[in-house]
Amino acid sequence: MISKPAFASAVGRRSVMLGGGAAVALYALRLPGTGHAAGTSPAVRAYSLVAERGRVPLVGAPYPETDVWCYGGRVPGPELRVRQGDRLRIAVENQLDEETTVHWHGLRVPNAMDGVPHLTQAPIAPGETFTYEFDVPDAGTFWYHPHQRSFEQVGRGLYGALIIEEPEPIPVDRDVTWVLDDWRLLETAAISDDFGNLHDVSHAGRVGNTATVNGRVPDRFAVRAGERIRLRLVNAANARIFGLAFEGHAPMVIALDGQPVAPHAPEGGRVVLGPAMRIDLILDMTGRPGGRFRVIDGFYEGLEYRLLDIAYTDAPPLRETPLDAPVRLSANPLAEPDLAAAERHEILFGGGMMGGMMSSMMDGRHMDMREMMRHGMAWTVNGVAATGHVHEPLITLARGRSCILTLRNETAWWHPIHLHGHAFRVITRDGAPTRYREWQDTVLLSPRETAEIAFVADNPGDWMLHCHILEHQAGGMMGVVRIA
Ligand code: C2O
Ligand code: CU
């Protein structure tokens, strides 16, 4: 089931360095954009992305390179980095043998640019190009990935970071992105091709055996004593939840899913990210030159492993005490939900193994769990196991209404639940108010947990609401929220 990443713990002899340089080298080819008339229309940032097959040194010597599907020949795909308020224009060319789309996870884009096959656009056929174009209203850490057969397309390496810079970024010495992933590799470092098997679908999803940071099994992350790093974490794994402890350091959380949050130490000292979630940290490198500290992923009990070492160079400290500068980010322009006037709905997530007897609807027919599983399905939202992306909406909300959704996890499993096109405040968990009333686009529900989320339904269209464990999504755990 869930196994320890074998390669990640067996690579101490090699030295793969992750530096700030890595982030810079990942910039996409930026095409000349059309200029902006001062103060009127936004600057257009034009990029092209090619979805194609590639070969990358995921594990590193002596292992062979790994065949992947990726953007522009590398994993992760190019880091797209633009300024808040810019307009993005991205031509996506499909050089795969199957249809694809690109979803801009967490960005509040117009519905037609959301990248959901059949629901918001026709899938991009092999050999074809589709151009996405939209303004970016929010600053923060986001990412992009296909929404077509994502359990395999994302699982084979199609994803990249999308960073929207604040007009006035907080002062740091380095701004670094770690795109985390988890792979199921064979001895030859080839990807195991058992995508979408019923065991993964009906249990914890495709949890793998090899963790990577920016497409490499990492060994160390080189830092200089005294420097302040803004570390942007993105969990691009199909199913693995990461719970990172930074030994000897005291990270501060400053943003969740790209949205600013009151700066705080992570609960229990551990930075927890479910699939698709992002966390921005401020990390002051308070160790001494030459020091070495481990970053441990200890989310699954008994399966802890060392993700990498933070390795201090011998350079003299950049400063003796941490940088005295603000770490609080300014808020994005999100509409504040009116809780007193909000309309309320309940959404139930069911199914999976150990969930008890369940009967559900699939393609308009009643089925029990056993029959559902014969069709490769295992999960439901409000009693329905969704096949494909197009559905009668779970709920229809009037445009501009404030609403509170009660998300009830009636299963024995974790689920990161993602709503497209919006950010929402997580206002309660199991009935208790949350401390930070954090804005998120993906809320991680623990087994049997209930959370209330609140938002203003201000982006019209049909939006997916689904579990971001991609095997759970494929196994029925999705639905549509209509804003009309
Ligand atoms: Cu990150 Cu519906 O997806
Ligand atoms: Cu799930």
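**Notebook: salt bridges and a copper site**

I looked up Asp67 and found a salt bridge to Arg55, with 3.1 Å between the closest N and O atoms. Asp67 belongs to strand E4 (residues 66-71) and Arg55 to strand E3 (residues 44-56), so this pair ties together parts 12 residues apart in sequence. Arg55 has 44% relative accessibility and counts as partly exposed. I note that the model is predicted.

I turned next to Asp175, which forms a salt bridge with Arg81; the closest N and O atoms are again listed, at 3.1 Å apart. This pair links distant parts of the chain, 94 residues apart: Asp175 is in strand E11 (residues 174-183) and Arg81 in strand E5 (residues 80-83). I checked accessibility for both partners: Asp175 is partly exposed at 26%, whereas Arg81 is buried at 8%.

I then examined Arg292 and Asp219, whose side chains meet in a salt bridge at 3.9 Å, N to O. Arg292 lies in strand E20 (residues 292-297) and Asp219 in the loop between strand E12 (210-213) and strand E13 (220-223), a link between distant parts of the chain 73 residues apart. Arg292 is partly exposed, with 47% relative accessible area, and Asp219 is buried, with 4%.

I recorded a total of 41 salt bridges. Arg81 and Asp175 also belong to a network of salt bridges, whose members include Glu79, Arg83, Glu165 and Arg230.

Last, I inspected the copper ion (ligand 2). His415 (ND1), Cys467 (SG) and His472 (ND1) coordinate the copper ion at 2.0 to 2.1 Å. Along the chain, these donors follow the spacing H-x51-C-x4-H. I found both Cys467 and His472 to be buried.

Terms used:
Residues are numbered from 1 along each chain as its sequence is written. Chains are lettered from A and ligands numbered from 1 in the order in which they are written. This is a predicted model: local features need pLDDT of at least 70, side-chain atom pairs count only at pLDDT 80 or more; totals for chains, interfaces and linings use all residues. Side-chain values use heavy atoms; hydrogens and water are left out. Donors are N, O and S atoms within 2.8 Å of the metal (3.2 Å for Na, K and Ca); water is not among the atoms, so sites may look incomplete. Buried means under 20% relative accessible area, exposed over 50%, partly exposed in between (1.4 Å probe, protein chains only). A salt bridge is a side-chain nitrogen of Lys or Arg within 4 Å of a carboxyl oxygen of Asp or Glu. Helices (H or I, at least four residues) and strands (E, at least two) are DSSP runs, numbered from the N terminus.
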